[in-house]
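Subject: Structure handover

Hello,

My notes follow below it.

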Amino acid sequence: MRDSTHYIVDVSRIQNILKAKVWVSNTSSNEHITGIYASDLMSDVLAYGKPGSMLLTGLNTVQAVISAYMAEFRGVAFIRNKSPEEETLKFAREKGMFVLSTESDMYEACVKLATLESKVSEEVMEVEEVSKAENITTHSFFIDGNDFANAGLVSTQIKALLKSIGYDPQIIRRAAISTYEAEMNVVMHARKADVTLTASDKEIYIIFIDEGKGIKDIDLAMQEGYSTATEEQRALGFGAGMGLPNIKKNADELEINSVVDVGTRIEIYFYIK
Amino acid sequence: MKYFHSHVIIQERCKGTLTCLRACPTKALRYRNNKIIFYDDLCVDCGSCINSCPEKVFLPVIDEIADFDKFEYKVVVPSHTLYTQFGANTHPGLIHKALLSLGFDAVHEISKHAHELSYVVSESLKSDMFQKPIISNFCPAVIRLIQVSYPNLVDLVSPFDVSRELAAKEAKLLYSQKLGLSMDKIGVIFISPCPAMVVSIKQPAEKEKSWIDGAIAISDIYNRILPRIMELKNEKTDETNQEFFYYGKSWGQLGYILRYLDPDNTISVAGIDNVKMILDDIEDSRLKNVDYIEAFICPQGCIGGTYCVENPYISRHAAIMLEKRFGKPHEFDRFEINKKIENNYYQLVEKVVPRKTRLMESDINTSIKKMKQKERILTKLPNKNCGICGAPTCETFAEDCAWGDADLTDCIFLRTGTY
């Protein structure tokens with residue numbers, strides 16, 4: 001493992017993968033290493049070892065721990081289940097180093113540690129890869145028709161996302177109102193809907209695709225006060241016939257496509273200046 | 001911009017219990033390298049950290065009475081909440097007398113101004129001049145919450161100055177005229193129920209400078225006036241005829257800003273989570289036909305403030321009883337007030353503006369990148385919100401990692417590979 005800070009590995013993770021026995025453990029809470037050096041030749045350790053590493057060795061003498069200490073290593077792991085002598089353990093304890101031993105031989109231990117290394121670097125790579133990705137983000141949501149108790153949940157989530165991107169407050173407000181109205185339409189008139197939000201530095205695009213009774217006459221539905229809501233829904237304060245007109249008023253662009261008894265597709269655009 | 005805050009952090013006292021970062025409603029605190037890190041742009045001065053910390057790490061910033069000796073004439077303006085701290089039988093006149101015995105030269109009451117202001121608000125709600133619903137600016141923590149988390153609602157914050165400021169303004173004008181002193185020689189001191197109001201005096205969100213010169217905590221003054229009040233009670237002096245007691249003493253309690261307004265079109269809300277719910281509803285235009293919203297960060301309103309001594313439920317009882325026993329309606333001259341409205345006496349010149357957080361300062365591209373990165377990191381985290389990394393939740397930790405403020409290896413689960 002190279003000594004970049006991202007390659008920090010906790011000693012307990014090394015211990016897990018080597019199924020190692022712990023002879024001496026470093027009591028500090030963030031016990032970790034930044035690299036591994038495997039050798040039986042102590043002169044090599046002193047010449048090539050990097051500070052912060054762990055020494056993997058078959059040389060079961062106090063000399064191994066002393067060399068590791070000189071090279072500013074954090075600890076030592078002995079292969080083939082060797083039991084270190086009391087003198088070795090005492091030195092390690094004094095210097096705050098850890099001592100492990102594993103059943104594996106040198107080759108097997110190296111292979112296991114190499115696997116761990118690639119796993120760790122994969123984790124780091126994944127995170128780095130994201131930062132290279134395109135500056136566009138997509139999120140999907142689901143709305144259940146007739147679920148009045150949870151009505152407004154999706155628009156709240158969308159609003160939170162837009163806020164965490166830091167769009168202009170006025171655009172967020174318009175988007176929040178539009179999505180809330182569209183969501184209420186789904187809850188009142190459709191069985192279910194899939195919602196997708198796509199956001200970039202150019203635009204915010206929200207699409208609602210629902211399965212439901214559809215809209216017979218879109219032009220009529222766009223008129224303020226026109227509503228097909230039931231008496232019960234109106235009694236609850238919904239269905240004032242302001243939904244679609246309100247979306248239109250707040251959105252930069254609105255597209256509605258509908259097939260009666262199949263469903264409706266509402267696309268809402270907000271352009272970022 | 002450097003924000004003034006209601007507390008200073010005494011790092012040496014901290015034992016790392018993580019209580020504060022869990023309590024902070026805006027997630028402004030972290031614990032890294034055995035130190036508390038404070039994101040001061042996110043803090044709304046609600047006082048949760050001061051209340052929650054068992055080690056008293058957060059030291060409130062508050063004035064002492066001696067700090068005001070530089071003024072030639074000292075006028076004290078008590079918060080309404082003060083009157084509710086001494087039980088249901090203590091006449092406010094006694095409290096005023098006790099305050100004067102501490103060396104203040106005069107007591108100026110807020111109630112009158114509160115009453116006038118609600119008339120002003122109810123008049124202005126009739127006109128179409130203002131965007132509705134108007135959100136009360138009485139609670140400074142609510143204003144700051146809007147600045148930080150609801151920037152698209154800043155325009156709805158009440159355009160009128162609050163009652164404590166109006167009281168201070170009148171006190172300054174009144175006594176400078178009466179005594180022939182310049183206004184800066186008259187010190188107006190507020191007795192505050194909470195840290196947020198202290199901040200609103202030291203660094204107002206809605207104007208350049210406060211009319212109030214400083215603030216003392218109710219809890220600091222409580223022990224000093226209590227014995228005096230007891231003495232006065234034993235002396236059996238009759239205070240009930242004093243003219244300085246007006247109807248409306250119970251302001252600061254949930255529901256009382258609204259009492260002169262039409263209940264049809266008003267809503268009261270208290271407690272930060274409830275306030276957030278209402279603000280969310282306003283954002284989505286979900287609240288229909290509501291003209292005015294009274295909101296307090298503290299549960300029960302100001303009687304639940306950090307510096308209050310009495311249990312808020314007992315205070316509420318006291319407030320109701322006090323009003324029943326001693327309340328007198330304050331008659332004001334409508335003609336005069338209407339004239340003041342025309343002269344913009346009550347209106348604030350400046351507007352509340354959103355705060356610049358790290359999000360607001362970066363461009364959309366960067367923040368989308370950061371958000372995606374945060375979401376990827378979040379999938380790697382255990383979502384146990386243990387707080388051991390020093391962030392209150394896994395989500396905040398992921399965000400900190402994305403912004404480069406924290407390192408993935410701070411997560412104990414990632415580091416040990418146990419997740």
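First, confidence. In this predicted model, chain A averages a pLDDT of 85, where pLDDT is the predictor's confidence in each residue, from 0 to 100. In chain A, 90% of the residues score at least 70. Residues 1–6 of chain A fall below 50. That stretch still has 13 contacts in the model beyond near neighbours in sequence. Two residues are in contact if their C-beta atoms, placed from the backbone, lie within 7 Å.

Conventions, briefly. Residues are numbered from 1 along each chain as its sequence is written, and chains are lettered from A and ligands numbered from 1 in the order in which they are written. As the model is predicted, local features need pLDDT of at least 70, side-chain atom pairs count only at pLDDT 80 or more, and totals for chains, interfaces and linings use all residues.

Domains next. The bounds come from an automatic or database domain assignment. Chain A has domain 1 (5–131) and domain 2 (136–271). Their centres, taken over C-alpha atoms, are separated by 58 Å. Chain B has domain 1 (1–61), domain 2 (65–342) and domain 3 (362–419). The C-alpha centres of domain 1 and domain 3 of chain B lie 21 Å apart. Their contact takes eight residues from domain 1 of chain B and five residues from domain 3 of chain B. On the domain 1 side, helix H1 (19–23) and strand E2 (29–32) of chain B each supply at least two residues. E2(B) gives the most, with three residues. Helices (H or I, at least four residues) and strands (E, at least two) are DSSP runs, numbered from the N terminus. By class, that domain 1 side has four nonpolar, no polar and four charged residues. Ala, Val, Leu, Ile, Met, Phe, Trp, Tyr, Cys and Pro count as nonpolar, Asp, Glu, Lys and Arg as charged, and the others, Gly among them, as polar.

Now the chain interface. The contact takes 27 residues from chain B and 34 residues from chain A. On the chain B side, helices H9 (272–283), H12 (358–361), H13 (364–380) and H15 (412–416) give two or more residues each. H13(B) has the largest share, eleven residues. The chain B side divides into eight nonpolar, nine polar and ten charged residues.

Chain B also has an open sheet. Four strands form it in the order E6-E5-E8-E9, with parallel pairing. Two strands pair if DSSP finds at least two bridges between them. E6 (106–107) and E9 (214–217) of chain B are the edge strands, and each pairs on one side only. Strand E5 (residues 73–78) of chain B pairs with E6(B) over two bridges. B:Val76 has B:Val107 in E6(B) as its bridge partner.

Most residues other than glycine have a negative phi, and most peptide bonds are trans. The peptide bond from B:Lys132 to B:Pro133 is cis, with omega near 0°. B:Pro133 sits in the loop between helix H4 (111–126) and strand E7 (134–135) of chain B. A:Glu72 has a positive phi of about 60°. A:Glu72 lies in the loop between helix H3 (62–70) and strand E6 (75–78) of chain A. A:Glu72 has 11 C-beta neighbours inside 10 Å, so it counts as exposed. The cut-offs are 20 or more other C-beta atoms within 10 Å for buried, 12 or fewer for exposed, and partly exposed in between, with C-beta atoms placed from the backbone. A:Arg80 has a positive phi near 45°. A:Arg80 counts as partly exposed because it has 14 C-beta neighbours inside 10 Å.

Best wishes
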